[in-house]
Amino acid sequence: MSQHDDHDDIEEVDVNISFEFFPPKTEAGFTKLAEVRDRLAAQAPDFFSVTYGAGGSTRERTFQAVKMVRESGIDTAPHLSCIGSDKAEIRDILAGYKADGVSRIVALRGDLPSGMGPGGAGEFPFARDLVEFIRKEHGDHFHIEVAAYPEVHPQAASFETDLANFLAKVKAGASSAITQYFYNPDAYFHFMDRVMDEGVEIPVVPGIMPITNVANLVRFSEGCGAEIPRWLRKQLEAYQHDDESVRLFGIEVVSGLCETMLSAGAPGLHFYTMNQVEPTLAILRNLGMPVVD
Ligand code: FAD
């Protein structure tokens, strides 16, 4: 979509908004996802996406969620992680999506389940291998999104090797990228300076994680290498037994981050919704975007 907002700093910016969901585990979760989908579809987003458990652990649930989310009529991108998979499996999944009319994929490596040795990587050790495979087998049919890490992927030896990996994914045929979430805008700006110095022209959209549950956020951030700045962590810890304060403070902080991103010319915002409507809509309202309630 092209959402024009009337905020002073960002009025001329075309903002691409997208919303990410995870495949629920229960019938009740699917019922809730249908409601979330409908309310966020009313925002006319650019696309929805649905995550995929590495090693195919959510394979059927992801298919089911993609099907349900696509009923909204909004372009929907299944995530597809490749580690531990062979070509036959990936070929089969891609063919199924293509036959269903899916034209956008988020192509990822994923993480090996713990206990699986290095031999478990399968025929696609890195996301770049998956991007190459999709392009080789399907030409330009799929718009391919890849992951980017302004704060450096936790397994990367250095910023430079991780940047080189990102560039390799772009060269392999990525159409655009979504970042891991971050709360430090400078990390994104530094990454983008380097990416643009390298002549990359594809959009790199900041991934935005609304703050709702402090304990979950801290645990998840440790795993994925996203830094919670000290000032933010301290303030959240002070509020952690007061859900309403966490909610209000989280919306304020993340709205400010989004505003900074858009004012600086970020090409859009990708929201990790965690299958919740309100935190994301509150942020869009704060950005001055027309929110359909
Ligand atoms: P890659 O780009 O392959 O990079 C992985 C690591 O390998 C990096 O450290 C990189 O620097 C390094 N590397 C790459 N190439 C080489 C090489 N040739 N030699 C040595 N090192 C190399 N996970 C899921 O399981 N399901 C999801 O649905 C999902 N969705 C995501 C969506 C977004 C937007 C993001 C940012 C992440 C998502 N993840 C998901 C998490 C992701 O799978 C993990 O971060 C995973 O560890 C890396 O995946 P990648 O695609 O970035 O891997």
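Predicted model: local features only at pLDDT ≥ 70, side-chain atom pairs only at ≥ 80, totals over all residues.
Local features here need pLDDT of at least 70, side-chain atom pairs count only at pLDDT 80 or more, and totals for chains, interfaces and linings use all residues. Residues are numbered from 1 along each chain as its sequence is written, and side-chain values use heavy atoms, with hydrogens and water left out.

Me: Why are H8 and H9 called roughly antiparallel?
Reply: Helix H8 (residues 230-239) and helix H9 (residues 243-263) pack at an angle of about 160 degrees, with axes 9 Å apart. Angles over 145 degrees count as roughly antiparallel and those under 35 as roughly parallel, so H8 and H9 are roughly antiparallel.

Me: Which residues of H8 and H9 meet?
Reply: Trp231, Leu232, Gln235, Leu236 and Tyr239 in H8 meet Ser245, Val246, Phe249 and Val253 in H9; contact means heavy atoms within 4.5 Å. These residues divide into 7 nonpolar, 2 polar and no charged.

Me: Why are H6 and H9 called roughly parallel?
Reply: The angle between H6 and H9 is about 25 degrees, with axes 10 Å apart. H6 and H9 are therefore roughly parallel. Pro185, Tyr188 and Phe189 of H6 touch Leu257, Thr260 and Met261 of H9.

Me: What lines the second largest pocket?
Reply: The lining has 15 residues, with Tyr188, Met192, Met196, Gly265 and Pro267 nearest the centre. Helix H6 (residues 185-197) gives the most, 5 residues. A pocket is an open set of points on a 1 Å grid, where a 1.4 Å probe fits, with protein on both sides within 12 Å along at least five of seven lines; lining residues have an atom within 4 Å of a point.

Technical notes:
Axes fitted to C-alpha atoms, helices over the stretch in contact; angles between N-to-C directions. Helix = DSSP H or I, 4+ residues; strand = E, 2+ residues; numbered from the N terminus. Parallel < 35°, antiparallel > 145°, perpendicular 65-115°, else oblique. Nonpolar A, V, L, I, M, F, W, Y, C, P; charged D, E, K, R; others polar.
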